[in-house]
Amino acid sequence: MLNFKRKIIFIIFLPFLAHAGQKEDELSKLDYRFSQQEKKINKQQRDINFLIKKDQNQKKSILGLEAENKKLKAQIAQINQSLKEQGLNLEQKVANVSQETSQLSLKQGQQAEEMALHSQETKSKIFHLSSELENTSSSVLSLDKDLNQQWVYSALGLAGVLFGGLLAYGLLSRRIRLSKQNTEDMIVKTRQSLEEETVKLDHKLLDLLENKLSLNKLGPQVNQEQDHFLALKVADEIIRIQKNIANMDSATKGLKQLAGSVKRIQDNFLANGYELVDMLGKEYHEGMNVVANFITSDEIETNKQVITRIIKPQVNYQGIMIQSAQIEVTIGE
């Protein structure tokens with residue numbers, strides 16, 4: 001019975017429920033249509049804003065074009081004014097040119113008359129000159145014949161002079177070369193002879209100094225100062241002879257024996273307590289106990305100072321300097 005009542009109630013309210021569902025569907029459709037219309041309205045609003053902005057830009061462009069148009073009108077007015085002024089000046093110039101043309105025509109007429117008179121005078125002068133030219137031509141032909149003969153004789157004479165000059169030049173050049181060669185040979189022989197004589201004299205000098213050193217060593221020592229005097233003299237001579245050996249040809253007769261004698265006397269020096277300090281070719285330093293002369297040269301490294309000559313050597317006796325060196329220092333530029 002209860003189920004039957006429920007079925008009756010359901011049947012009674014079924015139309016109302018169906019009508020409510022239909023209303024809900026209609027409301028959904030209306031809501032969708034409303035959202036679509038709202039989207040269209042927003043899009044149209046954006047299009048309207050874009051058109052408004054575009055219109056504003058076009059108005060600005062129109063204003064710019066109007067301003068530029070005003071400038072162009074002002075420039076055109078200036079150009080028209082300038083053309084008008086130039087037209088007036090041109091008319092004045094045309095009038096001046098017309099006047100100058102008229103004056104020029106008058107001058108040309110006068111010059112034509114003067115040229116006609118001058119042409120007549122020129123024709124008469126040409127006639128006289130033609131007759132004079134004929135006479136001159138005959139004279140020139142005669143002179144040309146004489147000159148041709150003289151040219152042949154002159155050419156033969158000049159050829160003879162040139163040949164004689166070349167022959168004399170060749171003979172003179174040969175004599176000069178022979179004389180130069182003989183002079184050079186004589187200089188070489190003379191230098192060689194002088195070097196050999198210098199070697200002999202230095203040999204004798206070294207023998208003499210060696211003998212004196214031997215006598216000084218064997219004999220009684222009077223005082224120390226006298227012994228130093230002889231040693232210093234020998235040291236100066238050794239330096240001089242070494243410099244001569246360096247400047248001589250290595251093939252000079254007796255040069256090797258002289259170098260051996262120098263070495264022997266230096267050994268004798270050392271045996272007696274004397275020392276020759278070797279400075280040649282070494283670098284110079286400030287504060288060295290020497291007497292120095294300075295010269296400059298571009299053959300040495302810049303700012304470098306090298307001892308290139310020993311004028312007097314430094315001599316030490318038993319480790320103590322008894323003579324300071326006198327040297328020549330070359331400074332590189």
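Start by colouring this predicted model by pLDDT: the chain averages 76, and 75% of the residues score at least 70. Confidence is lowest in α1, at a mean of 71. Strand β6, residues 325-332, is where confidence is highest, at 93.

Next, select residues 218-226. Here the pLDDT is below 50. Beyond near neighbours in sequence, this stretch has 2 contacts in the model. Where pLDDT is low, predicted coordinates should not be read in detail.

Now go to the largest nonpolar core. Select Val234, Ile265 and Phe269: these have the most contacts inside this core of 21 residues. Then show the elements that give two or more residues to the core: α1 (2-218), α2 (224-247), α3 (255-271), β1 (274-277) and β4 (314-317). Which element gives the largest share? That is α2, with 7 residues.

Stay on Val234 and show its surroundings. Not counting residues up to four places away in sequence, Val234 touches Leu209 and Leu213, as well as Ile265 and Phe269.

In soluble globular proteins, nonpolar side chains tend to be buried together.

Last stop: Ile320. Find this residue in strand β5, residues 320-323. Is Ile320 buried or exposed? Ile320 counts as exposed because its relative accessible area is 57%, and the cut-off for exposed is over 50%. Ile320 and Gly273 are 47 residues apart along the chain, and their C-alpha atoms are separated by 10.0 Å.

Notes:
Residues are numbered from 1 along each chain as its sequence is written. This is a predicted model: local features need pLDDT of at least 70, side-chain atom pairs count only at pLDDT 80 or more; totals for chains, interfaces and linings use all residues. Side-chain values use heavy atoms; hydrogens and water are left out. A nonpolar core is a set of buried Ala, Val, Leu, Ile, Met, Phe, Trp, Tyr and Cys residues joined through side-chain atoms within 4.5 Å. Buried means under 20% relative accessible area, exposed over 50%, partly exposed in between (1.4 Å probe, protein chains only). Helices (H or I, at least four residues) and strands (E, at least two) are DSSP runs, numbered from the N terminus. Contact means heavy atoms within 4.5 Å. pLDDT is the predictor's confidence in each residue, from 0 to 100.
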